[in-house]
Amino acid sequence: MNLLFLCSQNKRRSLTAEKLFDGYHGHRARSAGTEQNSRVKVTPGLLGWADLIFCMEKKHLRRITEKYPDIISVKRVVCLYIKDEYGFMDPELQELLKSLVCEYLP
């Protein structure tokens, strides 16, 4: 399964999730940001690649829904409600991601 994780700038939350879940039980993971200055910016290609999309906050879901409605309408998208208050690979963030994401994985 292809997993895509989205946050604002793709520097902490979504990048941490990508590192945690890429290769996890055979899943492939990528990450991107929804803002112009993102490390890796979300694209139609990334959204199309993903079988399951995780947004860190409701605003990320709103941004991709507004910009790519045709793609998002046929995708499974989950909002994790993780605020931007963690550093990259923060142990607390890792535990939170594991507890939230794993329930959606086969």
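Is Arg 12 buried, exposed or partly exposed? Arg 12 is partly exposed, and its relative accessible area is 36%. I will come back to that residue after an overview. Keep in mind that this is a predicted model.

The overall layout, then. The protein chain has 5 helices and 4 strands. Read from the N terminus, the order of the elements is β-α-β-α-β-α-α-β-α. The radius of gyration is 12 Å, close to the 13 Å that the globule rule gives for 106 residues, so the chain is as compact as a globular protein of that length. The C-alpha trace spans about 35 × 30 × 20 Å along its principal axes.

Of the 106 residues, 44% are buried. If we take the contacts with a separation of 6 or more, 67% of them join residues 24 or more positions apart. The accessible surface is about 5,500 Å², and carbon and sulfur atoms hold 50% of that.

Now the charges. There are 17 positive and 13 negative side chains in the protein chain. The centres of these two sets lie 5 Å apart. The structure holds 5 salt bridges, and I will go through some of them.

Back to Arg 12. Its partner in a salt bridge is Asp 84, with 2.6 Å between the closest N and O atoms. Arg 12 sits in the loop between β1 (2-7) and α1, while Asp 84 sits in the loop between β4 (76-79) and α5 (91-101), so this pair ties together parts that are 72 residues apart in sequence. Asp 84 is also partly exposed, at 41% relative accessibility.

Next, Glu 35 and Arg 63. Their side chains form a salt bridge, at 3.7 Å from N to O. Glu 35 is in the loop between β2 (28-33) and α2 (44-49), and Arg 63 is in helix α3 (residues 58-67), so here the parts tied together are 28 residues apart in sequence. Glu 35 is partly exposed at 23% relative accessibility. Arg 63 falls in that class too, with a relative accessible area of 25%.

The next pair lies within one helix. Glu 95 and Lys 98 meet in a salt bridge, again with an N to O distance of 3.7 Å. Both are in helix α5, 3 residues apart, which puts about one helical turn between them. Lys 98 is partly exposed, at 36% relative accessibility.

Last, a charged residue without such a partner. Which side chain of opposite charge is nearest to Glu 18, and how far away is it? The answer is Arg 39, at 4.3 Å. Glu 18 is part of helix α1, which covers residues 13-21. Leaving aside residues up to four places away in sequence, Glu 18 touches Phe 5, Ala 29, Arg 30, Ser 31 and Arg 39.

Key. Residues are numbered from 1 along each chain as its sequence is written. This is a predicted model: local features need pLDDT of at least 70, side-chain atom pairs count only at pLDDT 80 or more; totals for chains, interfaces and linings use all residues. Side-chain values use heavy atoms; hydrogens and water are left out. Helices (H or I, at least four residues) and strands (E, at least two) are DSSP runs, numbered from the N terminus. Buried means under 20% relative accessible area, exposed over 50%, partly exposed in between (1.4 Å probe, protein chains only). Lys and Arg count as positive and Asp and Glu as negative; His and the chain ends are not counted. A salt bridge is a side-chain nitrogen of Lys or Arg within 4 Å of a carboxyl oxygen of Asp or Glu. Contact means heavy atoms within 4.5 Å. The radius of gyration is taken over C-alpha atoms; the globule rule is 2.2 Å times the number of residues to the power 0.38. Accessible areas come from the Shrake-Rupley method with a 1.4 Å probe; for residues, only the protein chains shown count as cover. The place of a charge is taken as NZ of Lys, CZ of Arg, CG of Asp or CD of Glu.
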